[in-house]
Amino acid sequence: MSIYYRALGNEVTLFEKAAEHGLPVLLKGPTGCGKSRFVRFMAERLGRPLITVACQEDLSAADLTGRYLLEGGSTVWRDGPLARSMRTGAICYLDEVVEARADVLTVLHPLTDDRRCLPLERLGEELQAPPEFMVVVSYNPGYQSVARELKPSTRQRFVCIEFGWPPANIEAEIVVAESGCDPQTARLLVRLAEGTRKLRSHGLAEGASTRSLVHAGSLAASGLPLKEACEATLVGALTDDEELSAALRELLVSVLG
């Protein structure tokens, strides 16, 4: 089944042009706004394999490039996802890249300039990227701490594509397409999401994402009462704070009745 993606601007064309020239791409935007879906959609559109790495604080450069492992009494080299991507001409997608250790960004440097190479020092080998290979990274600049921001010298290596929340009518269209709920339910969910996003100025770390709305719409489409679906996806999933939870429940009542 083809991946559904609703374009909001020129992001498809921009990504295609970057891929044509072997340029690395940086996706910026809030959690759950469709960055990962977009990469999957573009990989399918371009007919390229996709290898995704979910970055976290323990991810090291060796996890990406590869290491020697003991298997069956022998020591063998096993490529990491970055090396595999280069050997197969895949798109390597590093999701939330700033969550990884600093040495991960360092290993990306020769891949994100005109060298397009990956030194594998332990093998005494240097991989040269084929034309199809592409590095794509994403991060949420509004959520990361200052210590986790990408440095300007790193950002300038990438073609940047910015994502945000879609206009209300388009977000409702996306929710209908991905969840199977009816248009009226989708419009209500979008109104709720807009209300939660306004609560960020009152201490809520993240407003409801489009992904959360799709989850709520899917539950509602399967027969769960909409208020219960929203309680599970737009209240409990957003905060543990009692006051913020109460504010979200008041929002549910005001929108759903």
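This is a conversation about a predicted model of one protein chain.

Student: Before we start, what should I know about the model and its numbering?

Tutor: The model is predicted, so local features need pLDDT of at least 70 and side-chain atom pairs count only at pLDDT 80 or more, while totals for chains, interfaces and linings use all residues. Residues are numbered from 1 along each chain as its sequence is written, and side-chain values use heavy atoms, with hydrogens and water left out.

Student: How many helices and strands are there in the protein chain?

Tutor: The protein chain has eleven helices and nine strands, where helices (H or I, at least four residues) and strands (E, at least two) are DSSP runs numbered from the N terminus. Its C-alpha atoms fill a box of roughly 65 × 40 × 35 Å along the principal axes.

Student: And what share of the residues in the protein chain is buried?

Tutor: Of the 257 residues, 48% are buried, a term that means under 20% relative accessible area, with exposed meaning over 50% and partly exposed lying in between (1.4 Å probe, protein chains only).

Student: Which residues have the most contacts inside the largest nonpolar core?

Tutor: Those are Leu82, Leu94, Leu108 and Leu118, in a core of 29 residues; a nonpolar core here is a set of buried Ala, Val, Leu, Ile, Met, Phe, Trp, Tyr and Cys residues joined through side-chain atoms within 4.5 Å. At least two residues of this core come from each of helix H3 (61-65), helix H4 (81-88), strand S5 (91-95), helix H5 (102-108), strand S6 (117-120) and strand S8 (134-139). A second, separate core has 25 residues, among them Leu192, Ala208, Leu213 and Val235.

Student: Take Leu118, then. What is Leu118 in contact with, leaving aside its neighbours within four places in sequence?

Tutor: With those neighbours set aside, Leu118 is in contact (heavy atoms within 4.5 Å) with Thr65, Leu82, Ala83, Met86, Val107, Leu111, Glu125, Glu126 and Leu127. In H4, the buried residues include Leu82, Ala83 and Met86, along with Pro81 and Ser85.

Student: What happens just after H4?

Tutor: Gly89 takes a positive phi of about 65 degrees there, in the loop between H4 and S5. Gly89 counts as buried at 7% relative accessibility, and beyond its neighbours within four places in sequence its contacts are Arg48, Pro49, Pro130, Glu132 and Phe133. Gly89 and Met134 are 45 residues apart in sequence, and their C-alpha atoms are 7.7 Å apart in space.

Student: Which residues other than glycine have a positive phi?

Tutor: Two examples are Glu96, with phi near 55 degrees, and Arg116, with phi near 45 degrees. For background, most residues other than glycine have a negative phi. Glu96 lies in the loop between S5 and H5 and is buried, with a relative accessible area of 16%. Arg116 lies in the loop between H5 and S6 and is buried as well, with a relative accessible area of 14%.

Student: Switching to aromatics, how many aromatic pairs are there?

Tutor: The count comes to five, under a rule that pairs rings of Phe, Tyr and Trp (its six-membered ring) if their centres lie within 6.5 Å, with planes under 30 degrees apart counted as stacked, over 60 as edge-to-face and the rest as tilted. The rings of Phe15 and Phe38 have centres 5.5 Å apart and planes at 90 degrees, so this pair is edge-to-face. Because Phe15 is in helix H1 (residues 11-20) and Phe38 in helix H2 (residues 35-46), the pair ties together parts that are 23 residues apart in sequence.

Student: Are Phe15 and Phe38 buried or exposed?

Tutor: Phe15 is buried, with a relative accessible area of 0%, and Phe38 also counts as buried at 0% relative accessibility. Phe15 and Phe38 form one aromatic cluster with Tyr5, Phe41 and Phe163.

Student: Last topic: which residues lie nearest the centre of the largest pocket?

Tutor: Gly32, Cys33, Gly34, Lys35 and Arg37 do, out of 22 lining residues. H2, S5, helix H7 (168-179) and helix H9 (210-221) each supply at least two residues of that lining. On a 1 Å grid over the protein atoms alone, a pocket is an open set of points where a 1.4 Å probe fits, with protein on both sides within 12 Å along at least five of seven lines, and lining residues have an atom within 4 Å of a point.
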